[in-house]
Amino acid sequence: MTALPPAAFLALSGALLGVGIFGLLSRRNFVLLLVAIEIAMNAAILNFVYFAAFATNPVVGLSGQSIAVVVVGFAATEVAVGLAIVLALNRSQGTIDVRRATELKE
Amino acid sequence: MNLPELAFVALAAVAVVTALLALLVRELVHTIMWVAVFFVDLAAIYFLLEAPFLGVLQLGVYAGAVTVLLLFGIMVTRKRIFSREAATGIGPASIALGLLAFVFVVTAIAEYPTAPQAVNVYAPAALSADLFGPHGPWLLLLGIVMLTSVVGAIYLVREGREA
């Protein structure tokens, strides 16, 4: 499937990144912010995977997939820490609305 | 435009639409359902891009673990997860979209072994040789970061901590 131009793939990951950033900016629930970050991170992983698929040098292609595997691990770690923050926020504020998380400001 | 390209265009459309829906629906549980469809859809794209190991990893880590973790986060922070809104029907449009994604997952997986661009070097064995060879330091770093984040998460949620 090399007939499609790379612009099509870049358009998809760009759109996903845009959706993720839109979610980060528009939603106020902490869990929804985590979902938005995951969508944006998946756009980055997608970039690694399809530049690996279109690499002329096989070593470069394998490197792209290896880095994508590592990034998937980092993203899963980030969700775990994010949920710990959600639980701590819920315990201290009684809500996971990020507008109410102003303790450090005061 | 042959079948893999058509499949990619449809999968890309489903990915963007489900990502938008996940962030736009009012009910949090529906958000998790849409984002699960989004993750499965991306796994199909990885299969299409000759990265079968990453596709399986996406299904296991994202569609499995991350989805359940997010659902868990909603369950412990809301009092009424199975409230009236959560019990309403999903609707024909979302069911049709889910079926479409499923059909294209099947298409992508069925297409993979006979794809003309399928190179042997993308086999999982070659990938693991590369992952544990030249990229070993990255895996080591990932392990250290995971260990540190587990310690940090336990510190954040431990009992008896002052708010």
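Mentor: Start with A:Phe48. Leaving out residues up to four places away in sequence, A:Phe48 touches A:Gly64, A:Ile67, A:Ala68 and A:Val71. Keep in mind that this is a predicted model.

Trainee: Which helix is A:Phe48 in?

Mentor: A:Phe48 sits in helix α2 of chain A.

Trainee: Is A:Phe48 buried or exposed?

Mentor: Buried. A:Phe48 has 22 other C-beta atoms within 10 Å, and the cut-off for buried is 20 or more.

Trainee: How far is A:Phe48 from A:Ile21 in space?

Mentor: The C-alpha atoms of A:Phe48 and A:Ile21 are 19 Å apart. In sequence the two are 27 residues apart.

Trainee: What about A:Val49? What does A:Val49 contact, beyond its neighbours within four places in sequence?

Mentor: Residues of both chains. In chain A, the contacts of A:Val49 are A:Gly64, A:Gln65 and A:Ala68. In chain B, they are B:Tyr46, B:Leu49, B:Ala51 and B:Leu54.

Trainee: OK, on to the core. How many residues are in the largest nonpolar core?

Mentor: The largest nonpolar core has 68 residues. A:Val35, A:Val49 and B:Phe38 have the most contacts inside it. From chain A, α1, α2 and α3 each give two or more residues to this core.

Trainee: Now the interface. How many residues of chain A are in contact with chain B?

Mentor: 52 residues of chain A, in contact with 52 residues of chain B. On the chain A side, α1 (6-26), α2 (30-53) and α3 (58-93) each give two or more residues. α3(A) gives the most to that side, with 26 residues.

Trainee: What is that side made of, by residue type?

Mentor: The side of chain A that touches chain B has 37 nonpolar residues, 12 polar and three charged.

Trainee: Back to chain A by itself. What's the layout?

Mentor: Chain A reads α-α-α along the sequence. That is three helices and zero strands. Of its 106 residues, 42% count as buried.

Trainee: What radius of gyration does chain A have?

Mentor: Chain A has 18 Å, whereas a compact globule of 106 residues would be near 13 Å. The C-alpha atoms of chain A fill a box of roughly 55 × 25 × 20 Å along the principal axes.

Trainee: And α3(A)? How far does α3(A) reach?

Mentor: α3(A) has 36 residues and reaches 52 Å from its first C-alpha to its last. That is close to the 52 Å expected at 1.5 Å a residue. A:Gly94 follows α3(A), and its phi is positive, near 80 degrees.

Trainee: Switching to chain B. How many helices and strands are there in chain B?

Mentor: Six helices and zero strands. Of the 163 residues of chain B, 32% count as buried. Take the contacts in chain B between residues at least 6 apart in sequence: 66% of these join residues at least 24 apart.

Trainee: How many residues of α2(B) are buried?

Mentor: 18 of the 21 residues of α2(B) are buried, so this helix is largely enclosed by the rest of the structure. α2(B) reaches 31 Å from its first C-alpha to its last, close to the 30 Å expected at 1.5 Å a residue. Just after α2(B), B:Glu50 takes a positive phi of about 60 degrees.

Trainee: Last topic, confidence. What is the mean pLDDT of chain B?

Mentor: The mean pLDDT of chain B is 77, and 70% of its residues reach 70 or more. Among the elements of chain B, helix α4 (residues 92-111) has the lowest mean pLDDT, 59. Helix α6 (residues 136-157) of chain B has the highest, 91.

Trainee: Where in chain B is the pLDDT below 50?

Mentor: Residues 83-90 of chain B are one such stretch, with six contacts in the model beyond near neighbours in sequence. Over residues 112-118 of chain B the pLDDT is below 50 too, and that stretch has 10 such contacts.

Trainee: And the complex? What ipTM does the predictor give?

Mentor: The predictor gives the complex an ipTM of 0.89 and a pTM of 0.79.

Technical notes. Residues numbered from 1 in each chain as written. Chains lettered and ligands numbered in written order. Predicted model: local features only at pLDDT ≥ 70, side-chain atom pairs only at ≥ 80, totals over all residues. Contact = placed C-beta atoms within 7 Å. Helix = DSSP H or I, 4+ residues; strand = E, 2+ residues; numbered from the N terminus. Nonpolar A, V, L, I, M, F, W, Y, C, P; charged D, E, K, R; others polar. Core = buried A, V, L, I, M, F, W, Y, C linked by C-beta atoms within 7 Å. Buried ≥ 20, exposed ≤ 12 C-beta atoms within 10 Å, placed from the backbone. pLDDT = per-residue confidence, 0-100. Rg over C-alpha atoms; globule rule 2.2 N^0.38 Å. Expected span 1.5 Å × (residues − 1).
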